[in-house]
Amino acid sequence: MNRTTGLILALFLGVAAGACASGGAGGSAADGFEPKDNDHTREAEQNIALAMLRSSDADKQQLYQQALESAKLAIQEDSTNPQGWFLAGQAHANLGAFDSADAAWDKAVALYPGFEEQIDRERENAWVRAYNEGVGAIQQDDLDAAIAQMEKADAIFQGRPEARLQLGVFYARKNEVDKAISAYRGALEILRSTPKMQLDSATQADWAANEEIALSNLAQLLSSSGRDAEAEALFREVLAEDPTNIRARVNLADVLARQGKTAEADQIYAELIDRDDLTYNHYLNMGVGLFQAEKYEQSANAFRKAVQVNPYSRDGYYNLAQALFMRADALEDEREAAKGAAADSLAAELAEIHTELASSAEKVLELDPSNRNIIAYMARAYQALSELTSDEAAKEQYREKIRAALKRHEEAQFEVMDVSLLPGDDEVTMSGRIMNLKVAEGAPIRLRIELRDAKGAVIGTQDVTVTAPAANATAEFRVSVPVTGELAGWSYKQIQ
């Protein structure tokens with residue numbers, strides 16, 4: 001899944017201590033009940049102001065609690081005085097009770113609409129507190145807490161899109177696709193409904209970039225959940241704004257192909273596949289789209305270009321091996337039905353494909369040595385090569401490689417599965433599962449994770465230990481790896 005740009009830790013200063021209050025007797029007015037001060041509201045304001053000056057969190061909390069008690073007394077004394085509700089909202093927000101703050105501020109505005117602009121500023125300050133707590137939670141790898149805080153931020157203030165953007169990412173990580181789609185739609189609503197004249201130039205640029213992120217991520221979520229027509233409309237919208245957006249063009253081709261609109265999809269793929277200036281991800285995504293469309297030859301071409309750009313990508317080589325395997329399978333059927341020169345030509349092509357398949361499988365196993373599926377692909381490739389050659393010496397060499405592959409497959413102690421990476425600013429979180437095959441239950445399985453940059457240099461390494469589950473059961477692992485460069489690939493090896 002695609003993520004948003006880095007977590008945005010926004011800080012606001014100069015929070016107002018209290019509302020401007022009239023010194024009169026108050027009471028009903030044409031625009032509501034005028035706010036008025038009394039001993040309770042003045043004490044609440046004083047405690048809020050003192051809390052803002054304290055450095056100790058405990059001192060702050062104590063003063064905000066005292067302010068809340070004073071605000072409650074003001075409300076008990078006169079429930080029509082919006083000043084008490086306003087100050088109660090401030091105290092609740094600073095105590096982290098955002099639902100209560102929301103209700104108090106709603107009441108204050110209902111009593112005195114003139115509070116609306118000032119309370120919007122207070123809501124935004126509360127949004128910042130909740131949002132930053134969400135950032136802290138995700139930095140501690142506590143996804144559920146991060147979601148809870150971002151939800152609180154969005155509930156208290158709906159004038160900024162960042163919380164909804166992050167919720168889109170977090171919901172997607174939990175595979176709550178409908179919630180992620182709703183979050184991105186909500187972010188777009190904010191991004192598109194706020195008049196640009198209200199934003200400075202830097203914020204306008206940030207929001208324009210966030211709109212593209214929200215559109216792209218929303219389109220991909222719709223696509224991954226089978227809502228291809230909706231995704232197509234969004235990808236076309238992205239391309240209308242930026243015709244040079246290669247990622248959107250690749251994704252548009254993917255959803256067109258899945259809808260059976262093969263002519264336009266093929267045209268887009270043909271235009272892009274011959275380019276040599278695309279990124280690894282562009283080629284990888286094209287390869288995936290072509291594979292899903294069962295165009296295995298073109299898919300293999302895209303994956304070849306992907307690993308040319310990034311020769312340290314396990315995923316690139318794995319996908320190339322899959323595409324080659326499927327292409328060979330289709331050609332085998334053609335060869336069985338062919339005769340003479342046509343059959344010979346297909347045999348020669350199959351020999352080339354299986355040679356490349358074996359080589360790609362070897363590349364995968366250098367990085368992902370416990371992948372038994374790839375070991376099986378490799379054995380199949382050598383089996384086919386032994387059948388396609390008439391040279392007895394070559395046949396024996398291939399048979400020896402088949403025996404070695406089968407031995408490796410049979411003697412595997414465990415298998416590493418479902419690896420995923422989540423890059424951060426200065427670390428990468430790697431997670432996955434280990435299926436126990438022959439390790440004694442309860443024994444440690446130790447892996448050394450290595451992350452590499454585009455030149456193959458190791459930019460981060462970390463050891464992880466997993467307690468072996470029962471035979472044929474799986475255990476999850478998760479490890480954060482500090483990095484000193486840009487991630488291009490990963491590998492692991494067992495250590496004693």
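Modeller: Let us begin with a loop residue. Asn 245 is in contact with Glu 212, Val 238 and Leu 239, its neighbours within four places in sequence being left aside. The model is a predicted one. Asn 245 is placed in the loop between helix H10 (228-241) and helix H11 (246-258).

Biologist: Why is Asn 245 counted as buried?

Modeller: The relative accessibility of Asn 245 is 8%. Buried means under 20% relative accessible area. Asn 245 therefore counts as buried.

Biologist: Is Gln 139 buried or exposed, and how do you know?

Modeller: Gln 139 has a relative accessible area of 56%, and exposed means over 50%. Gln 139 is therefore exposed. This residue lies in helix H5. Gln 139 and Gly 424 are separated by 285 residues in sequence, while their C-alpha atoms are 8.9 Å apart in space.

Biologist: Which residues touch the most other members of the largest nonpolar core?

Modeller: They are Trp 105, Trp 127, Ile 156, Phe 170, Met 286 and Ile 374, in a core of 114 residues. Helix H5 (residues 116-139) supplies the largest share of this core, 9 residues. A second, separate core has 21 residues, among them Phe 414, Val 416, Val 466 and Phe 477.

Biologist: Which residues does Ile 374 contact, leaving aside its neighbours within four places in sequence?

Modeller: Ile 374 is in contact with Tyr 318, Ala 321, Ala 361, Val 364 and Leu 365. Ile 374 also takes part in the meeting of two helices, H15 and H17.

Biologist: What describes the packing of two helices?

Modeller: Two packed helices are described by the distance between their axes and the angle between those axes. For helix H15 (residues 314-337) and helix H17 (residues 372-388), the axes come within 11 Å and cross at roughly 35°.

Biologist: What makes the crossing of H15 and H17 left-handed?

Modeller: A crossing is left-handed if the near helix is turned anticlockwise from the far one by less than a right angle. The crossing of H15 and H17 is assigned to that class. On the H15 side the residues involved are Tyr 318, Ala 321, Gln 322, Phe 325, Glu 332 and Arg 335, and they meet Asn 373, Ile 374, Tyr 377, Arg 380 and Leu 388 in H17.

Biologist: Let us turn to the strands. Why is strand E4 described as largely enclosed by the rest of the structure?

Modeller: Strand E4 (residues 427-436) has 10 residues, and 7 of them are buried, so the strand is largely enclosed by the rest of the structure.

Biologist: How do you know that E3 and E4 are paired?

Modeller: Two strands pair if at least two bridges are found between them. Strand E3 (residues 414-423) is joined to E4 by 8 bridges, and the two run antiparallel. Glu 415 stands opposite Met 435, and Ser 420 has Ser 431 as its bridge partner in E4. With 3 residues between them, E3 and E4 form a hairpin.

Biologist: Which residue of E7 is the bridge partner of Met 435?

Modeller: The partner is Thr 474. E4 and strand E7 (residues 474-482) pair in the antiparallel sense over 9 bridges.

Biologist: Why are E3 and E7 said to stand at the edges?

Modeller: The open sheet has 3 strands in the order E3-E4-E7, with antiparallel pairing. E3 and E7 each have a single partner strand, so one side of each is left without a neighbour in the sheet. Neighbouring strands of this sheet are turned by 20° against each other on average, direction ignored.

Biologist: What is the order of strands in the open sheet that contains E5?

Modeller: The order is E6-E5-E8, and these 3 strands pair antiparallel. Strand E6 (458-467) and strand E8 (489-494) are the edge strands, each pairing on one side only. Strand E5 (residues 444-452) and E8 pair over 6 bridges, and Leu 447 has Gln 494 as its bridge partner in E8.

Biologist: Why does Glu 450 count as buried?

Modeller: Glu 450, found in strand E5, has 17% relative accessibility. The limit is under 20%, and Glu 450 therefore counts as buried. Residues up to four places away in sequence not being counted, Glu 450 touches Val 458, Gly 460, Thr 461, Gly 489, Trp 490, Ser 491 and Lys 493.

Biologist: What makes the approach of the Glu 450 and Arg 452 side chains a polar contact?

Modeller: The distance is 3.1 Å, and the definition asks for a pair of N or O atoms within 3.5 Å, one able to donate a hydrogen and the other to accept it. The pair is accordingly listed as a polar contact between the two side chains.

Methods
Residues are numbered from 1 along each chain as its sequence is written. This is a predicted model: local features need pLDDT of at least 70, side-chain atom pairs count only at pLDDT 80 or more; totals for chains, interfaces and linings use all residues. Side-chain values use heavy atoms; hydrogens and water are left out. Buried means under 20% relative accessible area, exposed over 50%, partly exposed in between (1.4 Å probe, protein chains only). Helices (H or I, at least four residues) and strands (E, at least two) are DSSP runs, numbered from the N terminus. A nonpolar core is a set of buried Ala, Val, Leu, Ile, Met, Phe, Trp, Tyr and Cys residues joined through side-chain atoms within 4.5 Å. Contact means heavy atoms within 4.5 Å. Axes are lines fitted to C-alpha atoms, for helices over the stretch in contact, and angles run from 0 to 180 degrees between N-to-C directions.
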